[in-house]
Amino acid sequence: MADKFDVIVIGAGPGGYVAAIRAAQLGMKVACVEKWVNKSGKTVHGGTCLNVGCIPSKALLETSHKYVEARDEYSELGIEVSDVQMDVKKMMARKEKTVANLTGGISALFKANGVTALEGTGKLLPGKKVEVTDHEGNSETYEAANVVIASGSVPVEIPPAPLTEGLIVDSSGALEFQEVPKRLGVIGAGVIGLELGSVWKRLGSEVTVLEAMDSFLPVVDDQIAKETKKILGKQGLDIRLGARVTGTDIKDNEVVVKYTDSNGEQEQTFDKLIVCVGRRPYTQSLLADGTGVELDERGFIQVDDTCQTNAPGVFAIGDVVRGPMLAHKGSEEGMMVADIIHGEKAQMNYDAIPSVIYTAPEVAWVGMSEQQAKKEGFEVKCGVFPFSASGRAMANNATEGMAKVVTDASTDRILGVHIIGQHAGELIAQGVIAMEFGSSAEDLALTCFAHPTLSEAVHEAALAVDGHAIHMANRKKR
Ligand code: FAD
Ligand code: AMP
């Protein structure tokens with residue numbers, strides 16, 4: 001038997017690496033097992049988020065947005081540029097460099113914090129032992145007082161659209177195209193489908209998004225979702241709702257997609273097809289018999305509010321457990337679990353986890369939508385402020401969208417904040433902080449915001465709850 005650790009973490013994504021670093025900061029002896037290898041065969045830390053998720057997708061979104069600004073919007077500002085060209089290979093190289101810097105940074109943080117990096121596949125054995133099998137097939141078993149499983153998730157595959165090298169790809173494949181496909185199909189109008197569809201649309205693809213459901217972004221506040229669909233449609237994303245993909249054929253290096261909609265059977269041909277129909281928890285070869293760790297009916301590891309599994313001393317966090325599949329949710333769980341293992345009382349507020357869609361404009365929200373709040377039985381009062389009335393948004397030439405504050409009418413407590421607009425992903429932090437502090441709309445309304453900022457739209461939306469937005473008509477007299 002090899003070393004004994006206070007904590008062994010399986011998986012070094014944003015859930016696992018944060019748990020490992022926090023546990024080491026608290027003075028515990030920690031190891032983190034990771035099996036991901038990059039194209040050069042080197043073990044890399046950072047998981048989905050750093051390698052094929054949040055970071056590379058944002059690198060491509062930022063570059064493609066800047067390209068569109070230079071090509072289509074600069075002249076409105078008086079900046080004349082001609083012959084704006086996109087070098088896709090250079091864009092990809094920068095994305096890869098960013099990924100390499102960040103994944104290397106996690107390995108450096110492990111060293112700096114004294115986390116032992118174990119390379120290979122971790123398997124939980126009964127009695128909190130972890131067997132690690134390296135890439136040559138050699139195994140070593142380690143003992144731990146506590147184990148944290150952070151094995152993450154992988155893309156869902158669907159039988160009608162099996163992945164086909166270079167033609168039908170998942171989100172990871174869509175981050176690797178070396179040239180702009182002329183006709184691009186996207187299955188699924190979820191967050192990832194819309195982000196990746198936007199990248200390639202901006203670079204010149206004709207993009208068709210096929211979504212089985214009749215509703216668009218059902219998790220988003222209706223008013224914001226409607227605005228999002230309108231704006232993305234104006235940008236040229238052809239989003240077809242009620243369109244369920246039933247089959248695909250490869251013919252002459254093209255993908256023929258069959259789908260059904262309200263008019264019956266349809267067919268459309270694409271140069272490439274991205275399958276973005278969600279992600280599923282990843283637990284392959286992870287659990288030996290007799291560990292006591294149980295999965296729910298959807299394959300997620302079953303945990304309580306503090307991420308403890310059915311096996312004492314075994315925790316699970318991030319995408320492999322219930323809750324939104326978001327990097328920051330996994331990281332927060334990682335910190336909570338490390339604190340609990342250290343003997344502290346820690347908990348997480350699952351009601352104040354922000355979500356962001358990094359389209360342009362961005363869409364961001366925290367807490368309940370107006371519809372959800374009503375469904376939960378609240379008498380709801382909302383304040384909405386359009387960016388078209390914001391001085392800074394006008395100065396920025398970015399007047400699309402709105403900020404919306406949803407409150408409980410009887411207490412004025414903020415139940416949710418929803419924003420579509422430039423930098424919504426940054427602005428939403430104000431809603432998160434307000435909700436963490438149990439703020440009322442009046443508390444936000446009585447707060448001084450810098451001028452001119454986009455944040456003033458959040459302030460005005462809070463003022464609007466009581467009909468007192470300043471820069472908007474039809475305000476109420478006291
Ligand atoms: P992961 O990041 O999946 O990491 C799990 C790690 O465990 C992996 O490195 C894996 O190799 C390793 N592992 C698994 N099993 C074993 C084993 N048995 N032994 C050893 N190692 C193992 N989220 C956001 O919050 N914001 C975004 O903007 C965002 N954009 C995204 C864009 C895309 C295209 C995708 C695909 C995802 C995006 N996400 C985003 C989601 C985000 O990436 C995930 O929520 C997050 O990575 C989950 O973290 P995790 O630590 O639970 O798992
Ligand atoms: P998300 O889980 O948010 O990433 O979204 C995935 C989307 O894919 C959901 O909105 C699903 O309705 C959609 N979807 C799943 N299967 C199909 C299919 N066969 N055809 C079209 N859309 C699908």
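Predicted model: local features only at pLDDT ≥ 70, side-chain atom pairs only at ≥ 80, totals over all residues.
Helices (H or I, at least four residues) and strands (E, at least two) are DSSP runs numbered from the N terminus. Helix α8 spans residues 327-341 and reaches 21 Å from its first C-alpha to its last, close to the 21 Å expected at 1.5 Å a residue, the expected span being 1.5 Å times one less than the number of residues. Among its buried residues are Lys 329, Glu 333, Met 336 and Ile 340.

Residues are numbered from 1 along each chain as its sequence is written, while chains are lettered from A and ligands numbered from 1 in the order in which they are written. Local features need pLDDT of at least 70 and side-chain atom pairs count only at pLDDT 80 or more, whereas totals for chains, interfaces and linings use all residues, and side-chain values use heavy atoms, with hydrogens and water left out.

Helix α8 is also one of the elements that each supply at least two residues of the shell around ligand 1, together with β2, α2, α3 and β4; the largest share, four residues, comes from α2. Of the 38 residues around ligand 1, Glu 34, Thr 48, Lys 58, Gly 122 and Asp 319 come nearest, where a residue counts as near if one of its heavy atoms lies within 4 Å.

The table lists polar contacts, that is, pairs of N or O atoms within 3.5 Å.

| Residue and atom | Ligand atom | Distance |
|---|---|---|
| Gly 15, backbone N or O | ligand 1, oxygen | 2.9 Å |
| Met 325, backbone N or O | ligand 1, oxygen | 3.3 Å |
| Leu 326, backbone N or O | ligand 1, oxygen | 3.3 Å |

Taken alone, ligand 1 exposes 990 Å², of which the protein buries 95%, with accessible areas coming from the Shrake-Rupley method and a 1.4 Å probe.

Around ligand 2 there are 14 residues, and Gly 188, Glu 211, Ala 212, Met 213 and Val 245 come nearest. The side chain of Glu 211 places an N or O atom 2.6 Å from an oxygen atom of ligand 2, and a polar backbone atom of Val 245 lies 2.9 Å from a nitrogen atom of ligand 2. The protein covers 73% of the 510 Å² of accessible area that ligand 2 has on its own.

Key: Polar contact = N/O pair within 3.5 Å; in protein donor to acceptor, adjacent residues only side chain to side chain. Buried < 20%, exposed > 50% of the residue type's maximum accessible area, 1.4 Å probe, protein only.
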